[in-house]
Amino acid sequence: MKSFQEDAVVVQGAQVVGRAALLLRLVGRKPEGTSLAGLVRESGLTRPTVHRLLTSLAAEGLLEHDSASGKWVLGPEIFLLGSVAAARFPMEDIARPALRRLAAETGESAFFSIRRGNETVCVLREEGSFPVRSFVLHEGVRFPLGVASAGTAIMAFLPPDEQESLLNDWPSHAGEFAVGHPADVVRENLAQTRLAGYSVNPGLILEGSWGMGAAVFDQQGRPAWALSLTGIEPRFRPDRQAFLGKLLLEEAHRMSARLQGASSGPGASELAGNR
């Protein structure tokens, strides 16, 4: 039978792992890296705790400190781990052709995001040919469900009780994005997405940067992934939205069929994320 001291050690160890994982996710959100002050602010941890964990992660090659910018960036060990893990998932083979078609036909940047708990994570990107781009979204960026076009597309097709659970605690769920995404605006966006089949983000994250998304469904008919397009506002005006939405839905339907067929294969549960 475990003693109180042994239980305390186990809890403390799990807490350290959770905090380290949080910092890795926060650093991974920005390719250019994040400052120590930014990580302290975003994590809610104390400065000494953050610095100690960052130093330990750097010693293992999971993070690096850029002396020129003073920011923390992902380290080479993350690349090696990611390369090994990528072989287990069918995302690249299934999603990349859809992204290439979307980027080629629209000229916009195309993205594939997965649901992880109550967030979406962008995992793949294909640049379009249009020379002016939006840089709000890139690999590793996480948004709460209901925020950005991918998160709106996924949340809109969740069961009503799950949507209400998030909306009833919206400020806490949306965090820093709650100001630009008031609950009433989100409700309207979700309703419009259900009607159209695709979502439209009218520059709510960054003024002038628009996006559209379509959910991709798993074998149980649940929205687990999303395809999206992003660009500048003039490229997403109403007269072009129907065209972009049609392409998104066609590719999303095609991917849903393929992913449903792959959902019983190796890595399927991890691909779908923690739902």
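**Sheet and helix packing**

Threonine 34 stands opposite tryptophan 72 in S3. This is a predicted model, in which local features need pLDDT of at least 70, side-chain atom pairs count only at pLDDT 80 or more, and totals for chains, interfaces and linings use all residues. Residues are numbered from 1 along each chain as its sequence is written, and side-chain values use heavy atoms, with hydrogens and water left out.

Q: What makes S1 and strand S3 (residues 71–74) a pair?
A: Strands (E, at least two residues) are DSSP runs, as are helices (H or I, at least four), numbered from the N terminus. Pairing requires that DSSP finds at least two bridges between two strands; 2 bridges join S1 to S3, and the two run antiparallel.

Q: Why is one side of strand S1 (34–35) and of strand S2 (63–66) left without a neighbour in the sheet?
A: The open sheet has the order S1-S3-S2. S1 and S2 stand at its edges, each with a single partner strand, so one side of each has no neighbour there.

Q: Why is H6 called roughly perpendicular to H9?
A: Helix H6 (residues 148–156) and helix H9 (residues 183–196) pack at an angle of about 70°, with axes 9 Å apart. Angles of 65 to 115 degrees count as roughly perpendicular, under 35 as roughly parallel, over 145 as roughly antiparallel and the rest as oblique; H6 is therefore roughly perpendicular to H9.

Q: Why are H7 and H9 called roughly antiparallel?
A: The axes of helix H7 (residues 160–168) and H9 cross at roughly 160°, and the two helices are therefore roughly antiparallel to each other.

Methods. Axes are lines fitted to C-alpha atoms, for helices over the stretch in contact, and angles run from 0 to 180 degrees between N-to-C directions.
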